[in-house]
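Good morning, colleagues. Please look at the sequence and the model as they come up on the screen.

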Amino acid sequence: MKIVDQNGFNEALNNKYVLVDFYADWCGPCKMVGPVLEELDAENDQLTVVKVNVDNELDLASKYGVQSIPNMIFFKEGKAVTRIIGFANKDAILDKINPFMD
């Protein structure tokens with residue numbers, strides 16, 4: 001899992017399934033969800049997981065309506081299909097994204 005800027009974000013969206021974690025270094029719940037996302041990234045070859053620091057990428061956060069963090073947006077074939085706001089455990093994240101994965 002890597003931290004991306006606008007260019008890396010656009011590149012990541014070339015993958016079929018992408019989970020983007022909009023976060024900030026100072027955010028406690030963001031730090032809590034980090035290991036969960038690392039685990040998802042390591043376990044699932046179909047899923048690309050990237051992180052976007054909202055403090056560094058304000059335009060990107062604004063474009064996707066990120067008003068609170070952590071804010072995870074799941075993209076299928078480049079289109080945002082679902083969103084998870086706040087801390088979520090692994091099962092809750094999978095429950096939200098699995099219906100969109102073939």
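A word on conventions. This is a predicted model, in which local features need pLDDT of at least 70 and side-chain atom pairs count only at pLDDT 80 or more, while totals for chains, interfaces and linings use all residues. Residues are numbered from 1 along each chain as its sequence is written, and side-chain values use heavy atoms, with hydrogens and water left out.

Two strands are paired if DSSP finds at least two bridges between them. On that basis the model has an open sheet of five strands with mixed pairing, in the order β1-β3-β2-β4-β5. The edge strands, pairing on one side only, are β1 (2–3) and β5 (79–85). Strands β1 and β3 run parallel and are joined by two bridges; Lys2 stands opposite Val50 of β3.

Let me turn to β2, residues 17–23. How many of its residues are buried? Seven of seven are, where buried means under 20% relative accessible area, exposed over 50%, and partly exposed in between, with a 1.4 Å probe and protein chains only. In a regular strand the side chains alternate between the two faces of the sheet. In β2, Tyr17, Leu19, Asp21 and Tyr23 point one way, and Val18, Val20 and Phe22 the other.

Strand β2 runs parallel to β3 (residues 47–53), with seven bridges between them, and Phe22 has Val52 as its bridge partner there. The chain passes from β2 through helix α2 (residues 28–43) to β3 in a right-handed β-α-β crossover; that is, with the strands pointing away from the viewer, the path from the first strand over the helix to the second runs clockwise.

Asp21 deserves a moment. This residue counts as buried because its relative accessibility is 0%. The side chain of Asp21 makes a polar contact with that of Lys51, at 2.9 Å. A polar contact is a pair of N or O atoms within 3.5 Å; within protein, one must be able to donate a hydrogen and the other to accept it, and residues adjacent in sequence count only if both atoms are side-chain atoms.

Now the cores. A nonpolar core is a set of buried Ala, Val, Leu, Ile, Met, Phe, Trp, Tyr and Cys residues joined through side-chain atoms within 4.5 Å. The largest has 21 residues, of which Phe9, Val20, Phe22, Tyr64 and Phe75 touch the most other members. Elements giving it two or more residues are α1 (6–12), β2, β3, α3 (58–63) and β4, and the largest share, four residues, comes from β2. Apart from this core lies another, of 16 residues, among them Val33, Leu47, Ile93 and Ile97.

Finally, the backbone. Most residues other than glycine have a negative phi, and most peptide bonds are trans. Which kind of peptide bond joins Ile69 and Pro70? The bond is cis, with omega about -5°, and Pro70 lies in the loop between α3 and β4. Glu77, in the loop between β4 and β5, has a positive phi of about 50° although it is not a glycine. Glu77 counts as exposed because its relative accessibility is 54%.
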